[in-house]
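Open the model in your viewer and keep the sequence panel beside it. The stops below say what to select next and what is there.

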Amino acid sequence: MNGYGLRYSDREMMAISAGRLIKNGDILFAGTGGSMLAAMVAKRIHAPKSIVFFETGGIDPLLIELPMAVADPRVMYGTCLNSGLIEAFSVVGHRKLHTIAFLGAAQIDKFGNLNSTCIGDYTRPKIRFPGSGGACDAASLAYGFIVFMQHEKKKFVEKLNYRTSPGWLDGGDSRTKAGLSRGGPLAVVTNLGVMKFDDKTKEMYLSEYYPGITLDRISENTGFEMDLSKAIEAIPPTDEELLILRNEVDPQRLILG
Amino acid sequence: MDDTEIKDKLMSPAEAVKRFIKNGAQIAIGGFTINRNPMGLVYEIARQGIRDLHLVCHSNGQGLDVLVGAGCVRRIELAYAGNGRFAPTCIRFRKAVEKGEILLEDYSNYQMSLRFLAGSLGIPFIPTKSGLETDLLKRTGFSPEVRKERKIAKEKFFKIQNPFNGKEDPVVLLPALNPDVALLHTQYVGEDGTVRMKGLTFADIEQAKSAEVVIVSCEEILPREFIRKDPDQNSLPPFLVDAIVKLPYGAHPTACFYFYDYDVTHLNLYKEAAKDNQHFHQYLDEWVFGVSRHEEYLEKVGLSNLAKIKADPVMGYAPGLDRR
């Protein structure tokens, strides 16, 4: 329950937490599912002057209805420009733009490197996921990215099964040294809280935990050592945030569930 | 209608597939996940029992999954196999990969688009900064033996130092793609053979320009004067197109901007069927093998379903469509 007596779900808290990280004027790259919701929330509630665009080539659509995929025809209406993948990635990596990508993943490590490819042997995997799509490109080229995923021990791992998208690589200045001149993960938003990365070591630390979530629960669900000492309790969603999310962003509860 | 200019190119889906797609061909299909997949042509490939295809794609969804499920595919180079909320990972694709039934190599969307672009420009490779220090570069799915076959690059990637700035600055080189056949579905083709794509073009234009043969299916064929009156809107010149197939609703159940939305009912039905081998074969028998012509398929989908997904002429999709 928030301070006004409205109950809210984990997914709602996640979407609103992600939206709060966005500033007016940011150029937002949205993926499928939860990250789509986060970008819509940012645009509708927290940063109305931000611009949402899609790797498929739809730039700044009206987004009257929630798209169910990045190729949904809803990303093609009311845009400033309908283009294609190559044009979209020229926006992602544009040196003048503050592009922030929302990305999902199946696994993450403490430096924010992501796996969305497979678990087990690459050529004969135990579980196969969809693959990079544009995630590796956005993680390599955008000004920064925000990860949106469920907080579970098997997903927050010491070592990834497959590194699909580059985070801070091995920490410190390893990303710049590898030839990636900008970018990197800025935050990880989960159903339990918000993680950020240390300026120097680039290791993940807990920045906020949601009301009602204990630090023990977070460390139990994290498969590596994480600094919890800097964490503060997150502000619950306001009535306004919840009502816009429910009535305008996802009224059919396609992603909210 | 005066379509005499393209009379040699106009053909049925059966004829286009029969003439241009051989067993073992490397093909690129257009569209992206749930949008503008050339489904009418995909169904025809399955119906004709084409085998051992090598699929090259960025993010194909429904088209890829049907081809894999129908046993037409031997190898794939791809960035993504998903169908939005209908299948976070394409279901038949996932089963086939986990069972080791297809050979696979992963790239990213930008990388695959650049590979088609390189192929379309006639250059052998193209550089990018995307993918440095990832397993996309490190893990290969094709053996050295497979790499000796036609149309397969000898290396998956190559990393070099930028030769222009004289310091340490790694760059990834990607091999160009020139598939045997590109198949795409578009809204309009002119009587002169000019192709017009509405909405997002994805990498369809690069795919078509990189391919040896281009098959285009379309919703409508427009008068020559009309398509040449506003050429800024056009996507491909007539001389790059080898076969034109008039196929209304040819992308169903995926969407076609300004014509129809994705068919939620059908994609949900597919999702349920795809989970189980027996149900999936029943699905193929009913919707693909048991249907001899595209018109018959549309009759099965039914007018009321087609009416539900009819696009609003301004918005290009079906506003308010129940998408649960």
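In which loop of chain A is Asn221(A) found? Select Asn221(A): the loop that holds it runs between helix H6 (215-220) and strand E14 (232-233) of chain A. Bear in mind from here on that this is a predicted model.

**Around Asn221(A)**

Keep Asn221(A) selected and show its contacts. Leaving out residues up to four places away in sequence, Asn221(A) touches His151(A), Glu152(A), Lys153(A), Phe156(A) and Leu192(A).

**A positive phi in chain A**

Next select Asp60(A). Its place is in the loop between strand E3 (58-59) and strand E4 (81-82) of chain A. Asp60(A) is not a glycine, yet its phi is positive, at about 60 degrees.

**The largest pocket**

Which residues are the closest to the centre of the largest pocket? Select Gly104(A), Ala105(A), Ala106(A), Pro130(A) and Pro88(B), which hold that position among the 43 residues of the lining. The volume of this pocket is about 1200 Å³.

To see which elements contribute, colour helix H1 (10-20), helix H2 (34-46) and strand E5 (99-103) of chain A, then helix H4 (91-98) of chain B; each of these gives two or more residues to the lining. By type, the lining of the largest pocket divides into 20 nonpolar, 17 polar and 6 charged residues.

**Between the chains**

Show both chains and select the residues in contact. On the chain B side there are 65 residues, and these meet 55 residues of chain A. About 4900 Å² is buried between the two chains, with carbon and sulfur atoms giving 59% of that area. Pick out Leu200(B), Tyr317(B) and Arg323(B): together they supply 15% of the area that chain B buries against chain A, more than any other three residues.

**A sheet in chain B**

In chain B, 3 strands form an open sheet in the order E5-E7-E6, with antiparallel pairing. Strand E5 (125-128) and strand E6 (158-161) of chain B are the edge strands, each pairing on one side only. With direction ignored, neighbouring strands of this sheet are turned by 35 degrees against each other on average.

Helix H5 (residues 109-121) of chain B packs on the sheet and touches E5 and E7 of chain B. The direction of helix H5 of chain B makes about 145 degrees with that of E5(B).

Zoom in on E5(B) and strand E7 (residues 170-175) of chain B, which run antiparallel and are joined by 4 bridges. For one residue pair to display, take Pro127(B), whose bridge partner in E7(B) is Leu173(B).

**A cis peptide bond**

Which peptide bond of chain B is cis, with omega near 5 degrees? Select His252(B) and Pro253(B): the bond from His252(B) to Pro253(B) is the one. Pro253(B) is found in the loop between strand E11 (243-246) and H9 of chain B.

**The largest cavity**

Stay with H9 of chain B for the last stop. There is 1 cavity of 30 Å³ or more, and the volume of the largest cavity is about 60 Å³. Its lining includes Gln62(B), Asp65(B), Phe86(B), Cys90(B) and Lys271(B).

Helix H3 (62-69) and helix H9 (264-274) of chain B each supply at least two lining residues, and H9(B) gives the most, with 3 residues. The residues lining the largest cavity divide into 6 nonpolar, 2 polar and 2 charged.

Methods: Residues are numbered from 1 along each chain as its sequence is written. Chains are lettered from A and ligands numbered from 1 in the order in which they are written. This is a predicted model: local features need pLDDT of at least 70, side-chain atom pairs count only at pLDDT 80 or more; totals for chains, interfaces and linings use all residues. Side-chain values use heavy atoms; hydrogens and water are left out. On a 1 Å grid over the protein atoms alone, a cavity is a set of points where a 1.4 Å probe fits but cannot get out, and a pocket is an open set with protein on both sides within 12 Å along at least five of seven lines; lining residues have an atom within 4 Å of a point. Grid points are joined across faces, edges and corners, and a volume is the space filled by probe spheres set on the points. Ala, Val, Leu, Ile, Met, Phe, Trp, Tyr, Cys and Pro count as nonpolar, Asp, Glu, Lys and Arg as charged, and the others, Gly among them, as polar. Two strands pair if DSSP finds at least two bridges between them. Axes are lines fitted to C-alpha atoms, for helices over the stretch in contact, and angles run from 0 to 180 degrees between N-to-C directions. Contact means heavy atoms within 4.5 Å. Buried area is the accessible area (1.4 Å probe) that two parts lose on being put together, summed over both.
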